[in-house]
Amino acid sequence: MSRPSAEMSNQSSELVDYNLFSSHSALMEAATREGAAADHAALTQLGAALGSERMFTLGDLANRNPPQLRAFDRLGARRDEVEFHPAWHELMRRLVAAGLHTGPWAERRTGAHVARAAGYLMWAEIENGTQCPATMSYGAVPALAQQGAQFSTWLRLLLSREYDPSLAPAAGKRGALFGMGMTERQGGSDVRTNTTRAQPLGARGPGHEYLLTGHKWFFSAPMCDAFLVLAQAPDGLSCFLVPRFLPDGSVNTLRLQRLKDKLGNRSNASSEVEFDATYGLLVAGEGRGIPTILEMGVYTRLDNAIGSAGLMHQCVAQAIHHARERRAFGRLLAEQPLMRNVLADLALESEAAVALTLRLARAFDAQQDEAATRLRRVLTPVVKYWVCKRAPAVCAEAMEVLGGNGYTEDFPVARRFRESPLNSIWEGSGNIMCLDVLRALAREPRTLEALNELFAAAAGRDARFDGYVAALLHDLRDESEAELRARDLTQRIALAAQAALFLRHGPAPVCEAFLASRLAAGPPAVFGSLPRGSDFSTITSRSLSP
Ligand SMILES: Cc1cc2nc3c(=O)[nH]c(=O)nc-3n(C[C@H](O)[C@H](O)[C@H](O)COP(=O)(O)OP(=O)(O)OC[C@H]3O[C@@H](n4cnc5c(N)ncnc54)[C@H](O)[C@@H]3O)c2cc1C
């Protein structure tokens, strides 16, 4: 699993060259349970490939050598390109070849979204910047597919498993990736304040040509082949497909002003862009911008949660591994009672995130099922909120298990900790997710039924759970000052959903520790406070087999 430790020093060995899937029982069981049993062999193979030392190295290289903006050529003409380190391209090539961008759309079958979720979770353990264009491409497919055959060329390229980084018109490409542009200076969450304007070139309506003028304050992965962009058309906020090239083969106007200097996610470029009579095709009707781009947004929110579950798990695995090899005060850290509690509590949080995100992914597999659609509507913002919020706390605590080493960039947790707040911020920050939960419940009363069904399947097995759910449902029906209470309600839905999964599927030690520490006592302010009698070893080894 790992290289031998340096002989003299009580330093732990590097955790590399191990199988990210077969060493992670919680993930294997969740994938099987939620419908990806047939993918077990493929995921095992992927887990071995992703856990290789080479992948850890590529992830490090891509983040230590961030992309560079080449706004101008040496004669001062605009170039508007971003150059990436070869490690980025190698990672992208492998990610696309594995179908972790749009695989489930190319091969529509039961379990495809869950299998991708398991693969994407493991990818998140290794590198996160590459997940940005992968996710946006995943979300772009359903948004474009809804428009019939209009964008079939783009769809074919999006579904390709070839990564083609060339800056070339679609006609000459072997594969394509998409980005998105919503956020402007004056407001990201409230996109109704968008000021970018779109003027029709001739006829108006879906598939017709417009020219966009304005800006986007955040515009990630700007080397993508096309983008879904929000702009104000004569009849309101609308969604446009903005390609890198015009139909005549000339370059579209995307003025990349500068790249953001980010806390984490450094392998990926996030730019500021200006549009000046920039060519775009209307997707759906004028005024349909928000629902159209939200079709993309629900998939990116699912991915944010899966990505955070992966980040947490890798940090926890690194912590467990370190504690199994490092000695202090005459014993291995992993044998010290208080450290056993910390590790088990971290592993419990990681397992709860894995279980919940894969359950949500299953709701995306049942595309035509009404009950799954309702559940997806409300559970997506719940899971995006809660799992992404847990990540920085888990990564920070895991870092501390590595002691001083953990804080240095030579060790793997520091980069992942820097990455960990991001998923909660983009694609709808925490409060926005909680308000979306309320909106889902208010607009469609049967959404509450969908949640209730999830809880009812686990009812009658434990009085703590039954009492918790009864109080939650009571509070959800109380409409007074709901906005003020939205975080509390969302968190409780997430915890009840996680508890329901453990009650139904076990294993018993995990379920008992979760009920005792999360439902009875509330989520821990700090990790390491599981009650006496918890089965620390079993819980811990489900995150990293001994
Ligand atoms: C690295 C990175 C890459 C990004 N890439 C892209 C990209 O490619 N394309 C893109 O379009 N955007 C991108 N974004 C932008 C991101 O989606 C936005 O930053 C995010 O949606 C928040 O918008 P904002 O920054 O305008 O904050 P604001 O909308 O100003 O929100 C600030 C805070 O106020 C809270 N808030 C807002 N409204 C309410 C309310 N009614 N009640 C209570 N609280 C509220 C929010 O939750 C948030 O915490 C990126 C961001 C980052 C950090």
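User: Before counting elements, what are helices and strands taken to be here?

Analyst: Helices (H or I, at least four residues) and strands (E, at least two) are DSSP runs, numbered from the N terminus. By that reading, the secondary structure of the protein comes to 20 helices and 11 strands. This is a predicted model, in which local features need pLDDT of at least 70 and side-chain atom pairs count only at pLDDT 80 or more, while totals for chains, interfaces and linings use all residues. Residues are numbered from 1 along each chain as its sequence is written, and side-chain values use heavy atoms, with hydrogens and water left out.

User: How is the radius of gyration of the protein to be read?

Analyst: The radius of gyration is taken over C-alpha atoms, and the globule rule is 2.2 Å times the number of residues to the power 0.38. For 546 residues a compact globule would have a value near 24 Å, and the protein, with 23 Å, agrees with that. Along the principal axes, the C-alpha atoms fill a box of roughly 75 × 60 × 40 Å.

User: What share of the residues count as buried, and what share of the contacts link residues 24 or more positions apart?

Analyst: Buried means under 20% relative accessible area and exposed over 50%, with partly exposed in between (1.4 Å probe, protein chains only). Of the 546 residues of the protein, 57% count as buried. Contact means heavy atoms within 4.5 Å, and among contacts with a separation of 6 or more, 72% join residues 24 or more positions apart.

User: Which residues of helix α2 are buried, and why are they said to be on the same side?

Analyst: The arc used for this is that of the directions from the helix axis to the C-beta atoms. In α2 (residues 40-50), the buried residues are L43, L46, G47 and L50. These residues cover an arc of only 105° around the axis, which puts them on the same side of α2. On the other side of α2, A41 and Q45 are exposed, and the cover over the buried residues includes α1 (25-36), α3 (53-64) and α6 (112-126).

User: Which residues are buried in helix α16, and what covers them?

Analyst: Helix α16 (residues 446-456) has T447, L448, A450, L451, L454 and F455 buried. Their arc around the axis is only 155°, which puts them on the same side of α16. The elements covering these buried residues include α10 (337-365), α11 (370-401), α15 (430-443), α17 (463-477) and α18 (486-505).

User: Where does N341 lie, and what does N341 contact?

Analyst: N341 is found in helix α10 and is buried, with a relative accessible area of 10%. Leaving aside neighbours within four places in sequence, N341 is in contact with G528, S529, L530 and F536.

User: Where does A233 lie, and which residues does A233 touch?

Analyst: A233 is found in strand β6 (residues 226-233), and at 5% relative accessibility A233 counts as buried. Not counting residues up to four places away in sequence, A233 touches A198, Y210, S238, F240 and E286. The C-alpha atoms of A233 and G285, which are 52 residues apart along the chain, are separated by 9.8 Å.
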